Amino acid sequence: MQIKTDNYTLRTLTIEDATECYLSWLKDKDINRTLDVDGQGQTLDTIRQYICKHDNKTSFLFGIFTKDGDHIGTHSFNFDPKNKLATVGVMIGDKSYWGKAVPLETRARIMDWAFDDLGCNKIEAGCYSINMPAIYNFKRQHWGMEGILRQNRVVDKEFIDVVLFGMTKKEWYEQR
Amino acid sequence: MSSVNNYDAKAFLADIFEVPIDNIPEDASLDTYDRWDSLGHMRIILHLEEIVGSTLNTEDMLNIIDLTNIQKLLNTRK
């Protein structure tokens, strides 16, 4: 499926999207240090397996594409229909798009789809406390801070916190 | 960054964003000041940590959203 924003297209990924470029993002320490991924252990096959884990019914892996068709990142989206609860994640792999508000635009459109079309009532997300740009994006989008998981991850041999955020349908609609 | 600017939030932000101090609105926040983007936010946090001499704890870091809260943090170092 496809979701369009002003500047990007979100499209569910297929195994053909498991490219050397995508692999290079996962192996980049600037990118993988704040992700729950073993960057060095990744191969094109592990990426294909990860893509195939998403059934496009309750579990989606969207690629973020520019209008020129360049793949610059991904959004994961997992929906629990019983509790009408979803979890969303984002990775901007193309570093030339860092600082360009991509997640603000693309995640907003995913939230529109989730609340308007999917029947979602609440979306959760989280990030490492050292991921300051991600925290900026959550704050800028007025996500509620739901909690801090203290010393929940090890990065560069230091314990760091994970920050949890949430957005209800009501909260999103009030600011939309 | 010049030390004379270290304890005034407006001057601090002017240094971060490389603009004249008069360019910083009184109510500058990550919501309202268009220069305050995600990478600028990272520069703010890292420079604040340099000034206070230690990594900000998560609660303090989450409060860095506007001029008022930056000034509160800088005041702890005066």
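Which residue in E6(A) is the bridge partner of Ala86(A)? In the predicted model examined here, that partner is Ile123(A). The bridge belongs to the pairing of strand E5 (residues 85–92) of chain A with E6(A), which runs in the parallel sense over 3 bridges. The two strands also belong to a right-handed β-α-β unit, made by E5(A), helix H4 (residues 102–116) of chain A and E6(A). Strand E6 spans residues 122–128 of chain A, and 5 of its 7 residues are buried, so the strand is largely enclosed by the rest of the structure. E6(A) also pairs with strand E8 (residues 158–168) of chain A, in the antiparallel sense and over 7 bridges. Within E8(A), Val162(A) is the bridge partner of Tyr128(A).

When residues up to four places away in sequence are not counted, Phe77(A) touches Thr58(A), Ser59(A), Phe60(A), Phe62(A), Ala86(A), Thr87(A), Val88(A), Ile110(A), Trp113(A), Ala114(A), Leu118(A) and Ile123(A).

In one of them, the ring centres of Tyr22(A) and Trp25(A) are 5.6 Å apart and the ring planes stand at 40°, so the pair is tilted. The two residues lie in helix H1 (residues 20–27) of chain A, 3 residues apart, or about one turn of the helix. Residues three or four places apart in an α-helix point the same way, because there are 3.6 residues a turn. Tyr22(A) has a relative accessibility of 2% and counts as buried; Trp25(A) is buried as well, with a relative accessible area of 4%. Phe138(A) and Trp143(A) form an aromatic pair that is edge-to-face, with 5.3 Å from centre to centre and 80° between the planes. Phe138(A) and Trp143(A) are both buried. A further arrangement involving a ring is found at Trp98(A), where the charged end of Lys95(A) sits over the ring, 5.9 Å from its centre.

In chain B, the buried residues of helix H4 (residues 67–75) are Leu67(B), Asn69(B), Ile70(B), Gln71(B), Leu73(B) and Leu74(B). His41(B) is located in helix H2 of chain B and is buried, with a relative accessible area of 1%. With neighbours within four places in sequence left aside, the contacts of His41(B) are Met132(A) and Tyr136(A) in chain A, and Leu30(B), Trp36(B) and Ile64(B) in chain B.

Several loop positions of chain A were also examined. Most residues other than glycine have a negative phi. Asn56(A), by contrast, has a positive phi, near 60°. This residue lies in the loop between helix H3 (44–52) and strand E3 (59–66) of chain A, and is partly exposed at a relative accessible area of 38%. Lys84(A) likewise has a positive phi, near 50°. Lys84(A) lies in the loop between strand E4 (71–80) and E5 of chain A, and with a relative accessibility of 42% counts as partly exposed.

Lys84(A) is also in contact with Gly119(A), whose other contacts, leaving aside neighbours within four places in sequence, are Phe79(A) and Ala114(A). Gly119(A) is placed in the loop between H4 and E6 of chain A and is partly exposed, with a relative accessible area of 33%. From Gly119(A) to Leu85(A) the separation is 34 residues in sequence and 9.1 Å in space, C-alpha to C-alpha.

Note on methods
Residues numbered from 1 in each chain as written. Chains lettered and ligands numbered in written order. Predicted model: local features only at pLDDT ≥ 70, side-chain atom pairs only at ≥ 80, totals over all residues. Heavy atoms only, no water. Buried < 20%, exposed > 50% of the residue type's maximum accessible area, 1.4 Å probe, protein only. Helix = DSSP H or I, 4+ residues; strand = E, 2+ residues; numbered from the N terminus. Pairing = 2+ DSSP bridges. Right-handed = clockwise from strand over helix to strand, strands pointing away. Phe/Tyr/Trp six-rings, centres within 6.5 Å; stacked < 30°, edge-to-face > 60°. Lys NZ or Arg CZ within 6 Å of the ring centre and 35° of its normal. Contact = heavy atoms within 4.5 Å.
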